[in-house]
Amino acid sequence: KQWYQRRVAITAGYQQLLAQRNGYLKQLQQTQKETSLLKTYDVRLEKMANYIFETRKKFVAAFLPVLQSVYRQLDTDETQMNIVYRSSMHQAKLSDLLAQSRGNDLRVGYTTVGIHRDDFEFLRDGYSLRQYGSQGQKK
């Protein structure tokens, strides 16, 4: 229960800080002021994002065997079910990603990289259910 409460609090904190950062980016579009406050937002976002990222990776690792077991019970053919956690943080630290996207973020007025852009993809025999699954499989 404590783990869940901590995760919820950190996720809510991330979302709140992200909204503040996005508000600041919108403000910078109008005023063209100093952008040093963005670095402060980035440092705070990274701490929370690292926790959420690691929690999500652990969840997928723990959930995958359950998913595969239940799917084998429901499906009569020999297809394999998989779940993949898609995150830009697999390739780089959030601080590096935010630094690389800063110009684009300033141009569009919102944060274009981070865990809020992550996704979970369900695959059946290596094919995305989002693209190739039937309506029932997508549900």
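In which kind of crossing, left-handed or right-handed, does α1 pass α2? The legends below begin with this pair of helices.

Figure 1. The model shown here is predicted: local features need pLDDT of at least 70, side-chain atom pairs count only at pLDDT 80 or more, and totals for chains, interfaces and linings use all residues. Residues are numbered from 1 along each chain as its sequence is written, and side-chain values use heavy atoms, with hydrogens and water left out. Helix α1 covers residues 2-31, and its axis comes within 9 Å of that of α2, crossing at roughly 150°. Helices (H or I, at least four residues) and strands (E, at least two) are DSSP runs, numbered from the N terminus. Axes are lines fitted to C-alpha atoms, for helices over the stretch in contact, and angles run from 0 to 180 degrees between N-to-C directions. The angle makes α1 roughly antiparallel to α2; angles under 35 degrees count as roughly parallel, over 145 as roughly antiparallel, 65 to 115 as roughly perpendicular and the rest as oblique. The crossing of α1 past α2 is left-handed. A crossing is left-handed if the near helix is turned anticlockwise from the far one by less than a right angle, and right-handed if clockwise. The residues of this contact comprise 16 nonpolar, four polar and six charged. Here Ala, Val, Leu, Ile, Met, Phe, Trp, Tyr, Cys and Pro count as nonpolar, Asp, Glu, Lys and Arg as charged, and the others, Gly among them, as polar.

**Figure 2. Helices α2 and α3.** Helix α2 (residues 36-74) packs with helix α3 (residues 94-108) at an angle of about 135°, their axes being 10 Å apart. The two helices are therefore oblique to each other, and α2 passes α3 in a right-handed crossing. From α2, the residues Leu38, Lys39, Asp42, Leu45, Glu46 and Ala49 meet Leu94, Ser95, Leu98, Arg102 and Leu106 of α3; contact means heavy atoms within 4.5 Å. Sorted by type, the residues of the contact of α2 with α3 are six nonpolar, one polar and four charged.

**Figure 3. Helices α1 and α3.** The axes of α1 and α3 come within 8 Å and cross at roughly 60°, which makes α1 oblique to α3. In this pair, α1 passes α3 in a right-handed crossing. Arg21, Leu25, Lys26, Leu28 and Gln29 of α1 make the contact with Leu98, Asp105, Leu106, Arg107 and Val108 of α3. Five nonpolar, one polar and four charged residues take part in the contact of α1 with α3.

**Figure 4. Aromatic pairs around Phe120.** Five aromatic pairs are found in a search of the whole structure. Rings of Phe, Tyr and Trp (its six-membered ring) pair if their centres lie within 6.5 Å; planes under 30 degrees apart count as stacked, over 60 as edge-to-face and the rest as tilted. Phe59 and Phe120 form an edge-to-face pair, 6.4 Å centre to centre with 80° between the planes. Phe59 lies in helix α2 and Phe120 in strand β2 (residues 119-124), so this pair ties together parts that are 61 residues apart in sequence. Phe59, at a relative accessible area of 43%, is partly exposed, and Phe120 is partly exposed at 27%. Buried means under 20% relative accessible area, exposed over 50%, and partly exposed in between (1.4 Å probe, protein chains only). Tyr85 and Phe120 form a stacked pair, 5.1 Å centre to centre with 20° between the planes. This pair links distant parts of the chain, with Tyr85 in strand β1 (residues 81-86) and Phe120 in strand β2, 35 residues apart. Tyr85 counts as buried, at 7% relative accessibility. Ring pairs link Phe53, Phe59, Phe63, Tyr85 and Phe120 into a cluster.

Figure 5. Asp125 is found in the loop between β2 and β3 (127-128). Although Asp125 is not a glycine, it has a positive phi of about 50°, and its relative accessibility of 42% counts as partly exposed. Gln91 has its place in the loop between β1 and α3 and counts as exposed, at 67% relative accessibility. From Gln91 to Glu46 the separation is 45 residues in sequence and 14 Å in space, C-alpha to C-alpha.
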